[in-house]
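My entries are kept in the order of looking.

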Amino acid sequence: MSEREIVCGDLNLAIDDLKRDGFRLDLIYPADDPHTAVLSHGGEDVRVTTRPDALPIPAELPPFVSEFVLTRAGGSSGHGRAGMLYRDLIPARLGGRYIGSHIAIPGGGPVSDWVHYHRIAFQIIYVRRGWVRVVYEGQGEPFVMKPGDFVLQPPLIRHRVLESSPGLEVVEITAPAMHETFADHTMELPNGVDETLVFGTQRFLRHVSADTTWTPFNGGEAQESALADATGGLAEARTIRSSGGSIDFPPERGELVFGFVLDGTATLDYRERSDLRPGDAFVIPPGEGWRMTDPSGDFRLLHVTTAPLD
C-alpha cells in the first residue's frame, strides 16, 4: 500500500477535499485539537497534518508527573473532533499521562460522529448538563445519559455519539493524554448484547445517577459507583454533595486525584485556601490530604481517582 503526506493549513478542509475524492477517514488525533489524520482509498494511504514536526504518539504510557493543578472556569475552548468544543482541565497533562476535558455541544441535535474506538488505558465520560444519546459495542440499543450519569469506555470498545440536547456538557478523563481515534468501517451498532465482553482487564460500565442512593462520605454525602469493580481496582469515581459541613479527603496512594465543581461553591483547603466556583477543576498530588470547607447547599463535585496505571 502506498502512502503520502499532505501538509495543510486547515485539517478539516483537507479531510473534506479527500472525502470528495472517495477517501475515507481511518484515524485522527488528538481529539481535543486535531492536527493529524490518516485517510485511505484504493490501496493508498494519505497522512494529512498541520503539524509535520509533531512527535509520534508513544507506544508506551508516559511516566506520571505529580503536581497540583487548579484550572478556572471560563477558559477558552478549542474545536475538537466531530464538532465538539474542548476546554483543557489539566493543561500540564501530568507528564502526558492524563488529559481532562470539559466538552460542550452548544447547538445539540445529531452529532457528526462515526463508529470508532481509542487505544487508551482509561477513559470515563461524565454528563454535567443536558443529555446525550450513545451506543456501545455489545451493550444493546442506544441509550440516553443524563446529568450525573457516566460511562467507563474500556480500551478498544467500539462506540458512537448519536445526538445531544442543546447545551450538552460532559467531563472526560483519559489516559494517556495523547491518543488516536480509530474509525471502524465494518462494525454496525447496535450489535446486540454480549455480557461476556472484557477489554483487557476492564468491562463496560454505565452508571445511572437516578438509580444510585446517597451515602455518608467523610462529612458529606456521595453517590458511589461500581467503577472499581469494572476496572479491576484501577479507578474510582463518585459524585459528592454537601451535608452542611466540611468534607475531608484522606491521602490517596495512587496517581490521579481529580475534582470538577459541577454546581455550587466551596473552598479548597490544600496548601493555600482557594475559592471554587462551578466549572473549576483541580488535581491534588497523591499522598496528600485535603478538604472542602464552607460548601454551599447546592455544592456538587465530581471526584475521580486512579491507582498506578503501570
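**Conventions.** I am working with a predicted model, in which local features need pLDDT of at least 70 and side-chain atom pairs count only at pLDDT 80 or more, while totals for chains, interfaces and linings use all residues. Residues are numbered from 1 along each chain as its sequence is written, and side-chain values use heavy atoms, with hydrogens and water left out. Helices (H or I, at least four residues) and strands (E, at least two) are DSSP runs numbered from the N terminus.

Grid points are joined across faces, edges and corners, and a volume is the space filled by probe spheres set on the points. I found two cavities of 30 Å³ or more.

The largest cavity holds about 290 Å³. It is lined by 23 residues, and Met 84, Ile 125, Gln 153, Val 161 and Glu 172 are the closest to its centre. I noted which strands give at least two lining residues each: β8 (99-105), β10 (116-118), β11 (122-129), β12 (132-136), β15 (159-164) and β16 (168-175). For classes I counted Ala, Val, Leu, Ile, Met, Phe, Trp, Tyr, Cys and Pro as nonpolar, Asp, Glu, Lys and Arg as charged, and the others, Gly among them, as polar. This lining has 15 nonpolar, six polar and two charged residues.

The second largest cavity holds about 40 Å³. Its lining consists of Pro 30, Ala 31, Asp 32, Tyr 86, Ile 99, Ser 101, Glu 172, Ala 177 and His 179. By class I get five nonpolar, two polar and two charged residues there.

**Pocket.** A pocket is an open set of points with protein on both sides within 12 Å along at least five of seven lines.

Pro 176 sits in the loop between β16 and β17 (181-183). I logged a cis bond from Leu 189 to Pro 190 as well, with omega near 5 degrees. Pro 190 is in the loop between β17 and β18 (205-207).

**Cores.** Buried means under 20% relative accessible area, exposed over 50%, and partly exposed in between (1.4 Å probe, protein chains only). A nonpolar core is a set of buried Ala, Val, Leu, Ile, Met, Phe, Trp, Tyr and Cys residues joined through side-chain atoms within 4.5 Å. The largest has 28 residues, and Phe 122, Leu 227 and Phe 258 make the most contacts inside it. Elements supplying at least two residues of this core include α2 (227-230), β21 (235-241) and β23 (257-263). Apart from this core lies another, of 20 residues, including Ile 105, Val 111, Val 127 and Leu 168.

I listed the contacts of Phe 258 (heavy atoms within 4.5 Å). Beyond four places in sequence, its partners include Leu 89, Ile 90, Val 171 and Ile 173.

**Helix α1.** I checked residues 11-20, where Leu 11, Ala 14, Ile 15 and Leu 18 are buried. These residues lie on the same side of α1 because they cover an arc of only 100 degrees around the axis, the arc being that of the directions from the helix axis to the C-beta atoms. The face turned away from the buried side carries the exposed residues Asn 12, Leu 13 and Arg 20.

**Single residues.** Leu 94 has a positive phi of about 50 degrees although it is not a glycine. Leu 94 is buried, at 0% relative accessible area. Leu 156, also not a glycine, has a positive phi of about 75 degrees. Leu 156 is partly exposed, at 36%.

Note on methods
1 Å grid on protein atoms, 1.4 Å probe; cavity = no way out; pocket = protein on both sides within 12 Å on 5 of 7 lines; lining within 4 Å.
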